[in-house]
Amino acid sequence: LYRGGLIDMIIQVMDKWVGRVRARLLYVSVGSGAIMSALSGAGIADTALLGSTLYPEMERRGYDKKLSYGTIMEAGLLATIIPPSGLAVLVGSMAEISIGKLLLAGVGPGILMVVVYVLYINARVLLNPKLAPISGGATVPLTEKLLSTFKLTPLAIVIFMVMGFIILGITTPSEAAATGALSSAVVLVIYRRFKLSIIRDALRDALRLAGMIFLIISASAGMSQMLALSGATREFISMLATLSVAPILIMVAMQFSVFLLGLFMDQVSIMMVSIPIFIPVVDLMGFDPILFWMLFLVNMSIGGITPPFGLILFALKSAVPSAKISDLYKAAMPYVILDLMIMGIIMMFPKIATGLPTLLFD
């Protein structure tokens, strides 16, 4: 889908729906990021695409650069949460829980994140209109909006043949990846953009990604065995079992440790280090595994933008070479605070994450 150039179509449709409002391109970023996340779980790629496509226009129109950087990065990070999240599949595999349930658990938090980001942008530009201009062409008639949206309906084939097949029990998550790849090729044929060069490039990228994931899983399994044989896991569990504090505080402490790791490690490395240790603790404390690992994923998304080693920061830097890394750090901080607030909301109202999986699977 990326190689076929369909991302520009998504951005154009979102642009028509947002219309002539202040901070229009910021809202387009969030909306486009959400749609792109539902098609692909590649947050770094989404960030790079949004940055290279939308930021030049933001800069030309005089948008505040820090607000623009932060919004684009968070729009890309939605791919960590919204299904079919690649990281969710990896976490589900390593934590040995239902991948289908974990993917569905991302729907509620994903919607919550979009709403919170939109409200934040709206509040910022209301308090300081200089942060973003009123932009956009003439008002687009509703019929044209609906027509442009209708042109995107073939993309629903991809969503259905991935998430729909999992929910209906037609395929396993692994098989749904294959049907998703097939449906992507079908969509390119429908849009008359199918080329053998696209398939070649996509296969090359997929092989690189698959090789990396297999190495991660094998290394994680090896680390689990080492921890078990050394007794480190047993001692860690024993220490937690003797703590006279509420289980919720232990959950907060575990999530806080992931947040700290996110300051110095990439998301994949965090998973390798923490998941083997956390699995027995989650079982011991009786935490809802879907809730815990969804909070873990939100936490991982935060790690993507926390300085100094957030990968999303460098993805945007590569897409916008003129951006100073210090400005990217500053732009990320308000959204880090928002994401921590979102984690708190999910902990207070766990049904946001667990409601849909329970409804469809139990």
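On a 1 Å grid over the protein atoms alone, a cavity is a set of points where a 1.4 Å probe fits but cannot get out, and its lining residues have an atom within 4 Å of a point. Grid points are joined across faces, edges and corners, and a volume is the space filled by probe spheres set on the points.

This is a predicted model, where local features need pLDDT of at least 70, side-chain atom pairs count only at pLDDT 80 or more, and totals for chains, interfaces and linings use all residues. Residues are numbered from 1 along each chain as its sequence is written, and side-chain values use heavy atoms, with hydrogens and water left out.

Let's start with the cavity. Searching the whole structure turns up one cavity of 30 Å³ or more, and the volume of the largest cavity is about 40 Å³. Leu1, Tyr2, Ile7, Ile10, Met36, Leu39 and Ser40 line it. Sorted by class, that makes six nonpolar residues, one polar and no charged ones (Ala, Val, Leu, Ile, Met, Phe, Trp, Tyr, Cys and Pro count as nonpolar, Asp, Glu, Lys and Arg as charged, the others, Gly among them, as polar). Helices H1 (7-18) and H2 (24-39) each put at least two residues into this lining; helices here are DSSP runs (H or I, at least four residues), numbered from the N terminus.

On to two single residues, with burial defined as under 20% relative accessible area, exposed as over 50%, and partly exposed in between (1.4 Å probe, protein chains only).

Thr71 has a polar side-chain atom 2.8 Å from the backbone oxygen of Leu67. Setting aside neighbours within four places in sequence, Thr71 is in contact (heavy atoms within 4.5 Å) with Leu26, Ser29, Val30, Ile121 and Tyr335. As for Arg200, its C-alpha sits 27 Å from that of Leu78, and the two are 122 residues apart in sequence.

Last stop, helix H5. Residues 86-95 make up this helix, and seven of its 10 residues are buried, so H5 is mostly covered. The buried ones are Leu87, Ala88, Leu90, Val91, Gly92, Met94 and Ala95. At the start of H5, the backbone nitrogen of Leu87 has a side-chain oxygen of Ser85 within 3.4 Å. After H5 comes Glu96, with a positive phi near 60°.

Conventions. 1 Å grid on protein atoms, 1.4 Å probe; cavity = no way out; pocket = protein on both sides within 12 Å on 5 of 7 lines; lining within 4 Å. Polar contact = N/O pair within 3.5 Å; in protein donor to acceptor, adjacent residues only side chain to side chain.
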